[in-house]
Amino acid sequence: MFSTPSNYMAQVRSGDVRVLGRVSGASLPDPGLLMAEALGAVLAAPTVEAARDAIVRAAVRIGAGSGGALLRSGADDRLSLTGATVPGLGDIPAYQPSLARRALRAGRPLTAAAADEGWAPPAWREALPGRQVVAVPVVVGDDPHVLLVVRDADVPFVDAEVDRLAALLRVVLYSPNG
């Protein structure tokens, strides 16, 4: 059964709906169109490096973020930077804190307040300021990757956004050759 605007308002008044946050001037683009646009940008990239940066830019847009990075996990537990929205970020050594590493170990997306110093090393927190952060791990074959998206707004990431980010990674990182 379809709801009407008056039914939505009744649900809000009854307490069945919880407001997670308010963002002024926000737009809500169609998720399907965003995904199609993202895939087109990755396919049009002239180099592998440009494609990785396009993945991050697309993910930031899909996740309504302000910045992000794509990392690949190595055998030594180092997280190697493969794409980012800001220049100058380096790899994250095994001894430095990382929400991305925790998400890979947990095998599921994790979120945190960006004020939590444990989400990334100091240089990363300075280069990618925000209020909320999500780490989305995806393992394709034996190749573990994790996407970080940082959001300026103090609005938590919801499951639908995280699911879209994971779907984007699965599609663009999939390799039929193993």
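Two residues are in contact here when heavy atoms of theirs lie within 4.5 Å. With that in hand, the predicted model can be looked at as a whole. Take the contacts in the protein chain between residues at least 6 apart in sequence: 51% of them join residues at least 24 apart.

As for what the chain is built from, there are 6 helices and 5 strands. Read from the N terminus, the order is α-α-α-β-β-α-β-α-β-β-α. The protein chain has 178 residues, and 37% of them count as buried.

Now for the inside. In soluble globular proteins, nonpolar side chains tend to be buried together. The largest nonpolar core in this model holds 27 residues, and Leu147 and Leu165 are the ones that touch the most other members. At least two residues of this core come from each of α2 (31–44), α3 (48–62), β4 (132–140), β5 (143–151) and α6 (159–173). The biggest share is that of α3, which puts in 8 residues.

Leaving aside residues up to four places away in sequence, Leu165 touches Ala59, Ile62 and Gly63, along with Val134, Val136, Leu147 and Val149. Leu147, then, is both a contact of Leu165 and, with Leu165, one of the two residues touching the most other members of the core.

Definitions and conventions
Residues are numbered from 1 along each chain as its sequence is written. This is a predicted model: local features need pLDDT of at least 70, side-chain atom pairs count only at pLDDT 80 or more; totals for chains, interfaces and linings use all residues. Side-chain values use heavy atoms; hydrogens and water are left out. Helices (H or I, at least four residues) and strands (E, at least two) are DSSP runs, numbered from the N terminus. Buried means under 20% relative accessible area, exposed over 50%, partly exposed in between (1.4 Å probe, protein chains only). A nonpolar core is a set of buried Ala, Val, Leu, Ile, Met, Phe, Trp, Tyr and Cys residues joined through side-chain atoms within 4.5 Å.
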